[in-house]
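The structure comes next, and the notes follow it.

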Amino acid sequence: MAQGPVRKLRSERARLERYGADGKLPRETTEALLEWSSALHPEESEATYVTPDGEAKTFAVSTVQTYLRSIRKVAVRAIPDLCSLDPSEFNDAMDAMHTGENPHVKDCGLAKRTLAIAQSAARTFVWYFDIASPAEITVYSEQPKSGHDDSEVFLRRDVQALRQHVDGPRNRALLELLLNTGQRISAIQGLRIRDIDLEHGTFSLNTDREGLKGAARRVNRRPLLGAQWALTNWLEVHPRMSSSVIPITTTRN
């Protein structure tokens with residue numbers, strides 16, 4: 001018969017008590033884990049977990065059991081003295097378990113989603129005992145911060161303003177290529193007439209041009225998307241359309 005969350009939590013707590021009694025983990029560590037887990041779900045304890053925002057929080061029994069099991073494994077495999085936990089040491093230990101460098105995990109390592117549970121648990125643990133700032137503990141599942149500055153991103157009204165102030169089919173084609181393909185200016189400037197396939201609505205980068213940072217090697221044909229109509233209009237009046245090696249930016253015969 002499968003155990004429910006409450007029985008699983010009690011079983012995990014009993015395991016910790018045994019580990020403390022037989023010396024598998026330091027008594028200080030097991031007692032701290034038992035107190036911390038009780039604070040996360042304090043129905044049978046006076047201890048309370050207060051978040052960094054100053055609010056008391058109660059976790060679901062299943063979450064507490066999962067947290068306790070995960071952090072117990074970290075203590076057994078890498079950091080027995082959790083009460084003196086150093087965030088950098090903890091983060092290094094997580095990396096070693098992920099890569100398989102830790103001798104107590106399988107050679108291929110543990111999945112990040114598995115270790116993220118222990119990392120989240122560790123954040124509450126270090127905060128509860130005032131060991132370190134939770135932010136110092138890396139959590140794999142967190143999304144990395146955007147690499148761009150939001151102030152540098154065009155809004156819809158900005159794009160419309162650009163389109164309204166662009167004159168001539170050449171400039172409109174270049175603008176639409178920049179807006180729709182996401183290519184750098186240098187890549188657009190290097191496009192030749194033969195790099196454009198209007199029939200299939202695609203283009204290829206000029207691999208003879210420097211400064212593409214490997215982009216030309218990743219994908220051969222790329223979609224023109226919303227730039228196709230503007231490029232069609234420009235090539236219909238391009239002064240050197242008969243020469244396929246001429247850049248599309250050329251305006252002179």
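D130 lies in the loop between α5 (112-128) and α6 (156-164); helices (H or I, at least four residues) and strands (E, at least two) are DSSP runs, numbered from the N terminus. The model is predicted: local features need pLDDT of at least 70, side-chain atom pairs count only at pLDDT 80 or more, and totals for chains, interfaces and linings use all residues. Residues are numbered from 1 along each chain as its sequence is written, and side-chain values use heavy atoms, with hydrogens and water left out.

**Positive phi**

- Most residues other than glycine have a negative phi.
- D130 is not a glycine, yet its phi is positive, at about 55 degrees.
- With 66% relative accessibility, D130 counts as exposed (buried means under 20% relative accessible area, exposed over 50%, partly exposed in between; 1.4 Å probe, protein chains only).
- L225, also a residue other than glycine, has a positive phi near 55 degrees.
- The loop between β3 and α10 (228-236) holds L225, which is exposed at a relative accessible area of 53%.

**Sheet**

- Three strands make up an open sheet, ordered β1-β2-β3, and the pairing is antiparallel (two strands pair if DSSP finds at least two bridges between them).
- β1 (196-197) and β3 (222-223) are at the edges with a single partner strand each, so one side of each has no neighbour in the sheet.
- Two bridges join β1 to strand β2 (residues 202-203) in the antiparallel sense.
- Opposite I196 stands F203 in β2.

**Negative surface patch**

- E28, E31, D81, D86, E89, D92, D95, E101 and E136 form a negative surface patch.
- Patch residues have over 30% relative accessible area and no salt bridge, and like charges are joined within 9 Å.
- A salt bridge is a side-chain nitrogen of Lys or Arg within 4 Å of a carboxyl oxygen of Asp or Glu.
- Asp and Glu count as negative, with the charge placed at CG of Asp or CD of Glu.
- The elements giving two or more residues to the negative patch are α2 (27-40) and α4 (87-99).
- α4 supplies the largest share of the negative patch, three residues.
- D92 lies in helix α4 and is exposed, its relative accessible area being 52%.

**Composition**

- The chain has 10 helices and three strands.
- From the N terminus on, the order of elements is α-α-α-α-α-α-α-α-β-β-α-β-α.
- The chain has 253 residues, of which 40% count as buried.

How values were computed: Patch = residues over 30% accessible without salt bridge, like charges linked within 9 Å, V, L, I, M, F, W, Y side chains within 5 Å. Areas by Shrake-Rupley, 256 points an atom, 1.4 Å probe, with all protein chains shown as cover.
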